[in-house]
Amino acid sequence: MADKFNFDVFLSHNGKDKPAVENIARLLRDAYNLKAWLDKWHLVPGEAWQEGLEDALDECQTFAVFLGPSGIGPWENEEMRSAISDRVQDKNRRVIPVLLPGAPDNRDLDLPRFLKRATWVDFRSGLDDKEALYRLYCGITGQAPGDLGSSTSPKTPTTADWHIAHPYPMPPNFTGRAAEQKMLDDWLSNDKDRLFILRALGGFGKSALTWQWINTHVNPAEWTKLVFWSFYEGDASFEHFIEETLKYLKLEIPQGQRPQVDQLLKTMQSQKILLIMDGFERALRAYSSMNAAYQGDEPKIEDNQLDCVNINAEFFLKGVYSLPNIKSKVLMTTRLTPRVVKPHGEFMLGCCEVELTSMQPADAVEFFHKQKIKGTHAEIEAACAPYGYHPLSLRILTGLINHDRESPGDIKATEHLDITDNIVQNKNHVLKFAYDYLSDGQQKLLSNIACLRSPIGYQVLKYISSKPSWKRGKNKPRTKENLNDDLQTLENRGLLQWNRKTNNYDLHPIVRRYAYEQMKASDRILAHRRLRDHFAAIDVPKQPRTLDDLSPVIELYHHTVRAGQLNDASSVFYKRLANTLHFQFGAYEIMAELLLALFPNDTNGIPQLDNKSLQAWVLYMLALSYSRSGHPHQSIPIYQKKNQFHTALNDNINLAVGLGAMALTAYIPIGTLKEAELNIQRRISICKEMSNVFEEAVGHVDLGKLLAYLGLWKESKQELDTAWQMFANDHNIQSQSVAAAFQSLSALMMSRDLSQSSIENHNLAIESAQKTLELAEEQARTEHPVEYDFLYAHWLLGAAYRLNNKLDFAERHLSESFTRCRAINSVEVEADILLDLARLRYDQTIFEEAKSLSEEALSITERCGYVLQGADVNLFLAQYALEQEQDKTKAKQYAEEAKKLATCDGPPYYYKVAYEEAERFLENLK
């Protein structure tokens with residue numbers, strides 16, 4: 001299909017024939033991986049459907065007109081004539097008439113002459129007619145059907161139909177693991193477990209076993225759709241995994257990570273897809289840093305290090321093992337088990353895990369013989385035992401034996417190796433011996449490759465292996481022949497992996513770590529400086545559209561850090577990454593990862609920079625990244641260090657900013673309301689003393705929000721009105737938008753207070769939210785858009801319209817806010833939006849979805865420690881348990897938890913309206 005078309009075929013039909021047409025759409029998708037446009041699947045509820053149809057006609061190269069017993073519908077007629085007009089102007093576009101079961105003879109239909117002359121596809125004998133389906137496939141793809149007498153079935157699927165995103169560079173002579181492959185066969189055929197976890201320490205052959213199994217045991221005729229994804233690759237984040245998988249399946253790619261996860265999970269309920277997630281530990285906190293490529297097997301891991309960095313990865317795994325009717329399977333290889341699949345020490349239903357251990361002695365002997373090693377079974381087993389039959393160590397050992405000068409290819413070559421009773425020491429020793437056996441040039445080449453965090457191409461390899469011009473002097477640069485010879489040696493020794501299909505070179509993480517550690521500090525710095533210069537020369541779009549566009553800048557930052565130039569690295573972050581990552585992409589996890597690199601030795605948790613003001617700014621951005629990404633507790637000590645810096649520098653304004661940010665983004669969400677008030681009052685006091693009107697006004701806004709939670713409505717209104725006037729006097733549109741948003745939020749909370757007028761506050765909430773949206777739009781027109789203002793405006797409008805029983809308006813605005821929230825991964829407000837969507841579904845009597853949404857909100861509040869949101873979610877679940885499940889015990893448990901959370905620091909520092917609602921609910925249960 002042409003690149004400009006997003007769909008393979010437009011399915012035009014009479015609405016009465018929709019079930020039959022939808023069935024054919026599924027057959028085209030499942031048998032031929034074709035992407036069909038069907039109104040039921042692709043028109044967005046609430047949007048103008050006529051415009052949606054017009055856009056779809058432009059996005060489809062082929063047009064299928066379905067004719068059933070009801071004839072052609074009025075809109076189908078319009079669609080058909082539009083398609084014929086396009087066909088006349090563009091001969092590459094096709095119009096295919098299709099007869100459905102019960103359709104009259106095409107000669108009896110009043111059709112345009114052009115369509116009567118077209119070659120028809122006839123399903124009148126039944127929708128299971130394989131020949132008709134194949135003819136339709138050929139018409140869509142523009143090919144002749146050929147001889148249908150021998151076969152009308154779809155082409156035999158092969159492994160070429162799979163999506164191997166990151167081919168594994170399989171070393172030669174894979175041996176054994178028969179029991180493990182049989183175990184995977186059994187899992188693939190059972191209906192019990194959707195998620196299989198193959199866990200092992202580094203070097204035990206997880207990836208090799210998986211690669212061997214899918215290529216020798218998985219039948220492509222049965223599993224026509226397979227994705228092999230390696231998280232060891234430089235760009236292989238979870239976000240990219242979801243996007244690329246949806247592209248491969250020819251599915252719509254919604255805006256935002258969570259809708260994309262939902263789309264994939266929904267597809268996994270209807271299609272058989274085998275997903276391979278290799279090296280998933282890289283998606284966990286324990287291996288999420290920029291230095292993950294150099295990490296070994298950590299001896300002790302805290303539980304929170306087993307959490308996924310991206311919360312959407314956890315939602316995906318939960319969906320895999322818990323959603324009904326999942327037809328697909330997921331195989332994960334990892335060093336560590338994600339906590340989400342084993343939250344309380346036991347695996348969730350739908351999951352299973354097996355630890356991959358050492359090779360069997362007989363398999364090790366067979367492997368040595370395949371590697372052309374001479375020796376008896378007993379001799380080979382005796383040589384392997386000191387290494388615990390560790391696969392990577394044994395492969396390196398065979399490389400040593402085959403290149404031994406005294407006894408090449410003979411097991412006797414192992415006699416002069418130092419052997420101890422400690423298997424770990426022996427494994428390290430064989431790697432050290434293999435490295436020491438290399439020439440100086442080969443050692444340097446291996447270590448230079450280790451400086452990169454992911455596979456590299458040959459051209460980059462040539463660049464980093466040549467000497468800088470100012471270092472050459474009279475020496476000649478490394479020739480292509482020298483380089484190729486050294487690469488061959490490294491590969492033969494089992495130290496380097498070469499993927500011939502992609503022509504990329506990579507190292508096993510254990511080898512990478514060892515080779516990197518062998519470099520002298522000066523050589524390491526020189527290598528990273530050269531890589532810094534390489535990535536600095538790569539052009540990057542001025543207006544990046546995706547995170548991929550920023551990859552060269554991120555690599556530039558990484559190598560600048562590794563070159564020891566932390567001040568320069570902080571400048572790269574400040575000038576080229578901070579605003580784009582923060583405001584445009586909301587990539588808070590990436591921001592935190594990058595900033596942590598400026599703390600190389602974690603000396604008292606302070607970035608190692610020369611400028612103290614810059615140190616404080618880095619701390620502030622790190623704290624903000626943590627709080628925005630759902631880690632408010634982690635942000636507090638960092639905020640405190642930042643404030644200590646500004647106190648020492650007598651920088652009172654930035655101290656005030658830090659105090660306010662800590663209150664707003666950390667203390668208030670976790671219910672530490674007394675400290676929040678102290679911080680905000682101090683901020684206001686400092687700003688008054690410094691005559692800084694703007695920062696003082698921000699303090700009044702924050703205080704107004706806090707006082708609303710405390711139920712002090714009059715005082716809250718006074719603070720927000722004061723802030724509004726100060727911003728208006730300064731003509732600060734964006735800050736007025738924030739003040740209006742908090743006025744709306746205060747009105748929504750006030751409407752829950754029985755002593756207040758609910759109708760009056762409902763209207764005030766709508767008016768203030770509308771003002772927020774108007775100001776956000778004005779800010780976008782006059783300066784630049786601020787995504788958070790749009791997100792809050794739509795959320796508050798949706799919540800307020802629901803209370804006014806305007807459910808259609810509520811649906812539109814809550815959906816909009818939810819999409820925007822997920823698009824920038826704003827965890828801090830996601831639970832609020834989910835809860836209001838749950839309340840909306842409850843009002844719409846869609847009870848199961850209401851429960852699901854509220855439980856999802858609860859999981860966020862529990863993971864992130866959001867106390868105020870948690871109180872509201874528990875109140876809703878208490879109501880649901882009582883009214884829909886008639887379970888008073890469960891309802892009481894939820895209500896008691898809500899009251900406990902709403903208590904916060906204890907009256908008067910408590911979430912007043914939620915606390916009183918919980919008290920009333922519990923009293924009514926008696």
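This is a predicted model: local features need pLDDT of at least 70, side-chain atom pairs count only at pLDDT 80 or more; totals for chains, interfaces and linings use all residues.
**Entry 1: helices α1 and α6**

I began with helix α1 (residues 18-32) and helix α6 (residues 130-141), whose axes come within 11 Å and cross at roughly 75°. I take axes as lines fitted to C-alpha atoms, for helices over the stretch in contact, with angles running from 0 to 180 degrees between N-to-C directions. On the α1 side I listed I24, L27, L28, A31 and Y32, and on the α6 side L133, Y134, L136, Y137 and I140; contact means heavy atoms within 4.5 Å. Sorted by class, this contact has 10 nonpolar, no polar and no charged residues. Nonpolar covers Ala, Val, Leu, Ile, Met, Phe, Trp, Tyr, Cys and Pro, charged covers Asp, Glu, Lys and Arg, and the others, Gly among them, are polar.

Residues are numbered from 1 along each chain as its sequence is written, and side-chain values use heavy atoms, with hydrogens and water left out. Helices (H or I, at least four residues) and strands (E, at least two) are DSSP runs, numbered from the N terminus.

**Entry 2: aromatic rings**

How many aromatic pairs does a search of the whole structure find? I got 31, pairing rings of Phe, Tyr and Trp (its six-membered ring) if their centres lie within 6.5 Å; planes under 30 degrees apart are stacked, over 60 edge-to-face and the rest tilted. W211 and F228 have ring centres 5.0 Å apart and planes at 80°, so I logged the pair as edge-to-face. It links distant parts of the chain, with W211 in helix α8 (residues 206-216) and F228 in strand β8 (residues 225-230), 17 residues apart. Both W211 and F228 are buried (under 20% relative accessible area; exposed is over 50%, partly exposed in between, with a 1.4 Å probe and protein chains only).

Y574 and W617 also have centres 5.0 Å apart, and their planes are at 75°, so this pair is edge-to-face. Here helix α23 (residues 566-585) supplies Y574 and helix α25 (residues 612-628) supplies W617, 43 residues apart. W617 is partly exposed at 22% relative accessibility. I also noted one aromatic cluster, formed by W229, F231, F238, F241, F280 and F316.

**Entry 3: charges over rings**

I found K35 over the face of F7, 5.1 Å from the ring centre, and R530 over the face of Y463, at 4.6 Å. The test asks for NZ of Lys or CZ of Arg within 6 Å of the ring centre and within 35 degrees of the ring normal.

Which residues does a cis peptide bond join? P907 and P908, with omega about 5°; P908 lies in the loop between α38 (888-903) and α39 (912-925). H731, not a glycine, has a positive phi near 55°. H731 sits in the loop between α30 (713-729) and α31 (733-750) and is exposed at 68%. T845 has a positive phi of about 60°, in the loop between α35 (827-843) and α36 (847-864), and is exposed at 54%.

**Entry 4: R628**

Buried or exposed, I asked of R628? R628 counts as buried, at 18% relative accessibility, and is found in helix α25. Leaving aside neighbours within four places in sequence, R628 contacts H582, Y588, Y788, N825, V827 and E828.
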